[in-house]
Amino acid sequence: MVKPLIYKTVTFDIPCHHRLISNTLSHNENLEVFSKCMGQHGHGHNYKLKVTFRYAYDQEDPFLINNLKDQVFEIVVKPCMYQSLNEVFAHRGISNPITTGEQIVHVFANWLKEEPIISFLHQMELVETRKNSFFYNFDSHHHLLNTRN
């Protein structure tokens, strides 16, 4: 019997702060590019991270989704909660962490791609504000995995 393919989106809250600043720009250039977002102490967000999982439903293993949620929490959410994203990213080896929404969603995706959970990931959305969201689609990564010999 073929198991139905399920897509489930889970939302995580990530309260944290960051400062938009580039080590490659002068103070005045940073001020011109990032304006108030490069303030000395940065600013906070309550990011919403929406992760869509793709998996075959198995009533013999109904708790698979809980395990997947726990992994995302441990890999991405917990290390960033109530922290400076600039410092978290720098600690993880990212040079010049500017922490734009684009960079944040890309870094989170890279952290998840290093884990076995990758085979269950479909898409991720980072909601920065009511007006700004950033998406990462894992499907292209699955295609690359499936074409390797």
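Start by selecting Thr-52, which sits in strand β2 (residues 43–56); strands here are DSSP runs of E with at least two residues, helices are H or I runs of at least four, and both are numbered from the N terminus. Before you go on, note that this is a predicted model, where local features need pLDDT of at least 70, side-chain atom pairs count only at pLDDT 80 or more, and totals for chains, interfaces and linings use all residues. Residues are numbered from 1 along each chain as its sequence is written, and side-chain values use heavy atoms, with hydrogens and water left out.

Is Thr-52 buried or exposed? Thr-52 is buried, at a relative accessible area of 9% (buried is under 20%, exposed over 50%, partly exposed in between, with a 1.4 Å probe and protein chains only). Now show Thr-9 as well: its side chain and that of Thr-52 are joined by a polar contact of 2.6 Å. That term means a pair of N or O atoms within 3.5 Å; within protein, one must be able to donate a hydrogen and the other to accept it, and residues adjacent in sequence count only if both atoms are side-chain atoms. Setting aside neighbours within four places in sequence, Thr-52 is in contact (heavy atoms within 4.5 Å) with residues including Tyr-7, Phe-120 and His-122.

Next, hop to Lys-3, in the segment before β1 (5–18). Lys-3 counts as partly exposed, with 43% relative accessibility. Pick Asp-58 too: the two side chains make a polar contact at 3.2 Å. Lys-3 and Asp-58 are 55 residues apart along the chain, yet their C-alpha atoms are separated by 6.7 Å.

Now for a pair of helices. Select α2 (residues 64–80) and α4 (residues 101–113), whose axes come within 9 Å and cross at roughly 140°. Axes are lines fitted to C-alpha atoms, for helices over the stretch in contact, and angles run from 0 to 180 degrees between N-to-C directions. The pair is therefore oblique (under 35 degrees is roughly parallel, over 145 roughly antiparallel, 65 to 115 roughly perpendicular, and the rest oblique). Show Val-72, Ile-75, Val-76 and Cys-80 of α2 with Phe-108, Trp-111 and Leu-112 of α4, and you have the contact.

Last stop: the loop between α3 (85–91) and α4, where you'll find Asn-96. Asn-96 has a positive phi near 55°, though it isn't glycine. Thr-99 is in the loop between α3 and α4, with a positive phi of about 55°, and counts as buried at 0% relative accessibility.
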